[in-house]
Amino acid sequence: MKEIFTKQAPEAIGPYSQGIKVNNVFYSSGQIPLTTAGEIVSGGVEEQTHQVFQNLQAVLAEAGSSLNHVIKATVFIKDMDEFPVINEVYGSYFQEHQPARSCVEVARLPKDVKVEIEVIALLAS
């Protein structure tokens, strides 16, 4: 087991790592729309979702993987009415490769952001 850390994504805001590699699988922590400086990205849910994907791409790269190797994604959203926008942005990152996915509306997310996404991915061979 190996903890993953990259300065290309925001540092964890609690006692956890950005992700963990176990054998040939990577498990990310939930990524929220923070910049590497730890600031919430400005804009609405569309901009926040793009930032989440930038963070996911950074931790996946550090682990030796990519969005093309994601096998499962879990999306947490604050307002299900914003699902169409989040889904459109999500689809722009997973066009041909479409991993399994769950999407859950939650009462509140860290730092009151609108979206959080975690992934499970195979490591690139």
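Colleague: What should the 19 residues of α1 span, at 1.5 Å a residue?
Modeller: They should span 27 Å, and the end C-alpha atoms of α1 (residues 45–63) are 27 Å apart, which agrees. The expected span is 1.5 Å times one less than the number of residues, and helices are DSSP runs of H or I, at least four residues, numbered from the N terminus. Bear in mind that this is a predicted model, where local features need pLDDT of at least 70, side-chain atom pairs count only at pLDDT 80 or more, and totals for chains, interfaces and linings use all residues. Residues are numbered from 1 along each chain as its sequence is written, and side-chain values use heavy atoms, leaving out hydrogens and water.

Colleague: Is Phe53 buried or exposed?
Modeller: Phe53 is buried, with a relative accessible area of 1%; buried means under 20%, exposed over 50% and partly exposed in between, with a 1.4 Å probe and protein chains only.

Colleague: Switching to rings, how many aromatic pairs are there?
Modeller: The whole structure has four, counting rings of Phe, Tyr and Trp (its six-membered ring) with centres within 6.5 Å; planes under 30 degrees apart are stacked, over 60 edge-to-face and the rest tilted. One of them joins Phe53 and Phe94, with ring centres 5.8 Å apart and planes at 70°, so that pair is edge-to-face.

Colleague: And where do those two sit?
Modeller: Phe53 lies in helix α1 and Phe94 in the loop between α2 and β5 (100–105), so the pair ties together parts 41 residues apart in sequence.

Colleague: Which residues form the aromatic cluster?
Modeller: Phe53, Tyr90, Tyr93 and Phe94.
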